Amino acid sequence: MNMPHNNDSASSSPPREPSSASSAPLREPSSAFSHSQLHLPDEELLHRCISCGFCLPTCPTYNASLLERSSPRGRLRLIKAVAYGELPVSDIFAEEMSYCLACRACETACPAGVQYGKLAEAARAFVREQRPPRFWPRLLRTLILEKIFPYPNRLNLLGRLLYWSQRLKLPEIGLATGVLKLWPALARITPLAPRVAGKFSHQIVPAHLPARGARRGRVGVLSGCVAGLIYPDVNLDTVEVLARNGWEVVVPPQQRCCGSLHGHTGDHATAMMLARHNIDVFLAAGVQAIIVNAAGCSSFMKEYDFLLADDPEYAEKAKTVAHMTRDICEFLAETGFTPPLTRGDGGDKVRVTYHEACHLAHAQKIRSAPRRVLAAIPGLALVELPESDWCCGSAGIYNVVRHKDAEVFLERKMKNIESTGASIVVSGNPGCSVQLEYGARSRGLALQVRHPVSLLAEAYRSENGAERET
Ligand code: SF4
Ligand code: SF4
């Protein structure tokens with residue numbers, strides 16, 4: 001359904017609304033949005049769109065397809081029509097909900113305060129209920145998202161299996177011998193797979209780290225699910241940077257996946273189960289803030305209050321946890337941090353560019369804090385990335401389930417990164433980092449992908465002349 005990408009469509013004046021599309025009359029929602037398993041948007045949310053079209057030039061899927069129905073405005077019309085029972089949950093509706101990246105760039109552009117993300121999540125949950133996926137995709141999702149991700153021991157076991165399969169080069173052998181061609185979808189996504197670390201987060205990150213110097217307070221850190229298997233060093237860097245800045249840090253071992261992947265794919269039951277669990281864990285930890293180094297997770301945890309608004313036991317606790325949640329750079333910028341004295345490299349400055357994760361820039365409106373952290377690190381020259389807040393195509397599991405579409409968005413991102421001449425691209429979200437690393441690898445680029453907190457931690461270490469233990 002995608003037409004070739006066309007930059008010209010991103011003009012400053014909003015495209016005109018098709019005359020055939022008339023507004024749905026205001027009526028009571030049908031039972032479409034009142035199933036007990038759905039978290040319902042307020043009815044008022046369905047009526048905020050004034051059809052101005054300002055969001056269209058910022059929408060990656062509209063830009064790629066030039067179809068009104070693949071734009072935020074078009075999708076909002078579809079959601080509204082389905083909510084009021086005027087349209088069935090058709091193939092087109094299901095396709096549009098799936099094609100959307102949930103990047104929420106439309107929310108940033110919208111002058112009417114449309115909360116597209118909340119409506120899209122409710123709509124996806126409804127699609128999932130009304131049109132369950134086919135047998136194999138359903139089995140795979142159930143197995144991975146519902147039966148493995150929420151349980152750290154099972155996830156660690158899966159991580160260990162993947163680690164050894166990568167060390168034994170099984171994916172390469174499968175591709176070279178054609179065995180993987182028996183399952184084309186798997187063959188397509190195998191090159192995407194990130195390198196699994198030898199030691200996982202819980203093996204290298206202390207559950208408790210005292211503050212260095214004068215103690216400013218006590219904070220908790222979310223260690224994440226998959227991120228703890230592929231980027232455990234970012235968790236270690238996070239706790240060390242916090243402790244270095246006077247914070248006593250706890251990483252509660254009982255915590256689990258935040259539930260964002262489940263929420264974004266319409267599995268609200270699992271998302272709510274995980275949210276309740278983490279709320280209990282972090283409230284029991286006696287911390288004044290919950291620090292997260294993954295944009296998708298902090299964004300989701302900040303919306304725990306919305307997710308559990310109808311839960312009499314958890315609504316207030318969810319509000320508390322949502323208000324305590326902070327992205328690591330947001331927290332450092334808010335509370336202040338000690339700028340490192342030197343990066344220890346000497347010589348020319350290293351050229352870095354910053355990719356804005358959608359769930360930082362659009363969902364949380366965090367734009368300057370990561371740049372402030374980077375600007376404080378001596379030895380780095382920050383070059384602005386063109387279209388820095390344009391989605392890279394990662395979008396949760398979008399790059400896995402819609403690999404071809406994700407490639408279109410990745411291509412645009414990689415061209416922009418190359419144009420900066422940077423040797424390091426900085427990302428505050430593990431999903432984006434995986435996608436950008438794949439983009440660099442598949443194009444043969446000598447490009448490092450780093451988290452801002454890792455560059456800060458490195459600068460602190462080189463300040464002390466300390467070498468990292470691996
Ligand atoms: S979330 Fe992103 S892809 Fe989806 S409609 Fe909004 S701008 Fe377009
Ligand atoms: S979502 Fe917002 S920006 Fe887009 S058409 Fe509706 S009111 Fe305008």
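The axes of α3 and helix α5 (residues 116–130) come within 10 Å of each other and cross at roughly 130°. This is a predicted model, in which local features need pLDDT of at least 70 and side-chain atom pairs count only at pLDDT 80 or more, while totals for chains, interfaces and linings use all residues. Residues are numbered from 1 along each chain as its sequence is written, and chains are lettered from A and ligands numbered from 1 in the order in which they are written.

**Helix packing**

Helices are DSSP runs (H or I, at least four residues), numbered from the N terminus. Axes are lines fitted to C-alpha atoms over the stretch in contact, and angles run from 0 to 180 degrees between N-to-C directions. α3 and α5 are therefore oblique to each other; angles under 35 degrees count as roughly parallel, over 145 as roughly antiparallel, 65 to 115 as roughly perpendicular and the rest as oblique. Their crossing is left-handed, that is, the near helix is turned anticlockwise from the far one by less than a right angle. On the α3 side F93, A94 and M97 take part, and they meet A120, A123, R124 and V127 of α5 (contact: C-beta atoms, placed from the backbone, within 7 Å). By class, this contact comprises six nonpolar residues, no polar ones and one charged. Ala, Val, Leu, Ile, Met, Phe, Trp, Tyr, Cys and Pro count as nonpolar, Asp, Glu, Lys and Arg as charged, and the others, Gly among them, as polar.

**Ligand shells**

A residue is near a ligand if its C-beta atom, placed from the backbone, lies within 6 Å of it. Ligand 1 has 13 residues around it, of which C59, P72, C100, C103 and C106 come nearest. α1 (60–65), α2 and α4 each give two or more residues to this shell. Around ligand 2 there are 15 residues, the closest being C49, C52, C55, C110 and A112. Here α2 (72–83) and α4 (105–109) each supply at least two residues, and α2 gives the most, with three.

| Shell | Nonpolar | Polar | Charged |
|---|---|---|---|
| Ligand 2 | 12 residues | two residues | one residue |

**Positive phi angles**

R104 lies in the loop between α3 (91–99) and α4, and its phi is near 65°, a positive value in a residue other than glycine. R104 counts as buried because it has 24 C-beta neighbours inside 10 Å. K169, in the loop between α7 (152–167) and α8 (170–177), has a positive phi of about 60° although it is not a glycine. K169 counts as exposed, because it has 11 such neighbours inside 10 Å. A residue is buried if 20 or more other C-beta atoms, placed from the backbone, lie within 10 Å of its own, exposed if 12 or fewer, and partly exposed in between.

Conventions
Two residues are in contact if their C-beta atoms, placed from the backbone, lie within 7 Å.
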